[in-house]
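Visitor: I have not seen this structure before. Could you take me through it, one question at a time?

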Amino acid sequence: MRIKVAPSILSADFSNLADELKKIERAGADLVHVDVMDGHFVPNITIGPVVVKYLRKATRLALDTHLMIENPAKYIDAFVKAGSDMITVHIETVTLKNLAAIARKLKNKKVKLGISLNPATPLERIKKALPLVDFVLVMSVNPGFGGQEFMPSALNKIRSLRDIFKKDIAVDGGINDFTGAEARKAGANVLAAGSYIFGAKDTKKAINSLRMTPRA
Ligand code: DX5
Ligand code: ZN
């Protein structure tokens, strides 16, 4: 499967988002990972639809909006209207019935739906959701902050998921060239990375390094 790299703008310079988007666009990013946090589901607050609306104007890249919020159904319309191409919700925040309604709505709007699960949430929890979604986002850190260390327990989860799920598997949290290679080996094909990409001197080199195995 083609490897896609999704820089997370959580680690970007928020006073300069348009330039940061241009930078990752020129460096070959495949999509933009947009971390939305509400201070309830996670212990941090980031951005909402108003910022997504301006990100939309500033880039041609697809926007994947990662909703780390309680009651995501309430905000789906606003994020679609703002220009999200993909929306990821957490299994911890929805019932299957909720999710089915969100899936129907997004299908009508031609927006892709992803389901994410926290490190402590077993794979079993998302099994019934798999037929409803276009991709899965496996968290390899506890959501809330950029710059945390990759949790290797994500690898087994990715491996087991790859056996039963043929669409995109994304991994999010603590991704760098080494952990990225491990995640790819386990079966992930979309790598979200914040601090590794935005903290790099050479953005293009950092993005490319996530597509290939580092030399030992
Ligand atoms: C964590 C966010 C991640 C985060 C990744 O709550 O969902 O997307 O920005 O940042 P790094 O790559 O620095 O771990
Ligand atoms: Zn994220």
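Visitor: Which strand gives the most residues to the shell around ligand 1?
Guide: The model shown here is predicted. Two strands, S2 and S3, each supply at least two residues of the shell around ligand 1. The strand that gives the most, with 3 residues, is S2.

Visitor: How many residues surround ligand 1?
Guide: A residue counts here if one of its heavy atoms lies within 4 Å of the ligand. The closest are Gly-144, Gly-147, Asp-172, Gly-194 and Ser-195.

Visitor: What is the distance from an oxygen atom of ligand 1 to a backbone N or O atom of Gly-194?
Guide: Polar contacts are pairs of N or O atoms within 3.5 Å. In the side chain of Asp-35, an N or O atom is 2.8 Å from an oxygen atom of the ligand, and a backbone N or O atom of Gly-147 also lies 2.8 Å from a ligand oxygen. For the backbone of Gly-194 the value is 2.7 Å.

Visitor: How much of the area that ligand 1 exposes when taken alone does the protein bury?
Guide: The space taken by ligand 1 is the largest cavity. Taken alone, ligand 1 exposes 390 Å². The share of this area buried by the protein is 100%.

Visitor: Which strands stand at the edges of the sheet?
Guide: The open sheet has 8 strands, paired in parallel, in the order S1-S8-S7-S6-S5-S4-S3-S2. Each edge strand has a single partner strand, so one side of it is left without a neighbour in the sheet. The edge strands are S1 (4-7) and S2 (31-37).

Note on methods. Residues numbered from 1 in each chain as written. Chains lettered and ligands numbered in written order. Predicted model: local features only at pLDDT ≥ 70, side-chain atom pairs only at ≥ 80, totals over all residues. Heavy atoms only, no water. Pairing = 2+ DSSP bridges. Helix = DSSP H or I, 4+ residues; strand = E, 2+ residues; numbered from the N terminus. Polar contact = N/O pair within 3.5 Å; in protein donor to acceptor, adjacent residues only side chain to side chain. Areas by Shrake-Rupley, 256 points an atom, 1.4 Å probe, with all protein chains shown as cover. 1 Å grid on protein atoms, 1.4 Å probe; cavity = no way out; pocket = protein on both sides within 12 Å on 5 of 7 lines; lining within 4 Å. Sits in = over half its atoms within 2 Å of the grid points.
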